[in-house]
Amino acid sequence: MAVSIEINDLQDVSLILEALNREYEILKWELTKITKKLSSFEQKYEITSANFYDKYSTGEMGDDEAIMEWAGEFQMFQKLNMRQKWLEELQVSCRKILKQ
């Protein structure tokens, strides 16, 4: 996804980069929390979250409360990972502008 913005001042870019950095740190914290939860499920069920989710998607894992929670946590993990990559790309773009 390409994002285009008009920037009139390098100070604007610095402010944007600071905001991105703060958001990135919050995201890392959220990913750490979710990773711990996923690890707990993986140890309990002796299967990786990715393999679990493949089986869950085909109905092989059932639908008890713990399974539903694991599926939700894994979905959130995937979304946050995508957001992290997007933020990293934006940070790189801002740094390139500041170096010009």
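Is Arg83 buried, partly exposed or exposed? Arg83 is partly exposed, with a relative accessible area of 38%. For that scale, buried is under 20% relative accessible area, exposed is over 50%, and partly exposed is in between, using a 1.4 Å probe and protein chains only.

Okay, before I go on, some housekeeping. This is a predicted model, so local features need pLDDT of at least 70 and side-chain atom pairs count only at pLDDT 80 or more, while totals for chains, interfaces and linings use all residues. Residues are numbered from 1 along each chain as its sequence is written, and side-chain values use heavy atoms, with hydrogens and water left out.

So, who does Arg83 meet? Its side chain makes a salt bridge with that of Glu23, at 3.0 Å from N to O. Glu23 sits in helix H1 (residues 10–45) and Arg83 in helix H3 (residues 65–99), so to speak distant parts of the chain, 60 residues apart. When I say helix, I mean a DSSP run of H or I with at least four residues; strands are E runs of at least two, and the numbering starts from the N terminus. The rule is a side-chain nitrogen of Lys or Arg within 4 Å of a carboxyl oxygen of Asp or Glu, and it gives a count of three. Here's the general idea: side chains of opposite charge can pair when their charged atoms come close.

Look at the two ends: Lys37 is partly exposed at 38% relative accessibility, whereas Glu73 is buried at 14%.

Then there's Glu25 with Lys28, where the closest N and O atoms are 3.6 Å apart. These two are three residues apart in helix H1, which means about one helical turn separates them. Glu25 has a relative accessible area of 44%, so it's partly exposed, and Lys28 is partly exposed as well, at 35%.

Let's turn to how H1 and H3 sit together. Their axes come within 8 Å and cross at roughly 155°. That makes H1 roughly antiparallel to H3. The axes are lines fitted to C-alpha atoms, for helices over the stretch in contact, with angles from 0 to 180 degrees between N-to-C directions. Under 35 degrees counts as roughly parallel, over 145 as roughly antiparallel, 65 to 115 as roughly perpendicular, and the rest as oblique.

What residues make up the contact of H1 with H3, by class? There are 24 nonpolar, six polar and ten charged residues. Nonpolar here covers Ala, Val, Leu, Ile, Met, Phe, Trp, Tyr, Cys and Pro; charged covers Asp, Glu, Lys and Arg; the others, Gly among them, are polar.

Last topic: the aromatics. Searching the whole structure turns up seven aromatic pairs. In Tyr45 and Trp70, the ring centres are 5.3 Å apart and the planes are at 25°, so that pair is stacked. Tyr45 lies in helix H1 and Trp70 in helix H3, so here too parts get tied together, 25 residues apart in sequence. For the cut-offs, rings of Phe, Tyr and Trp (its six-membered ring) pair if their centres lie within 6.5 Å, and planes under 30 degrees apart are stacked, over 60 edge-to-face, and the rest tilted.

Trp70 is buried, with a relative accessible area of 0%, while Tyr45 is partly exposed at 27%. Both belong to a cluster that ring pairs build from Phe41, Tyr45, Phe52, Tyr53, Tyr56, Trp70, Phe74 and Phe77.
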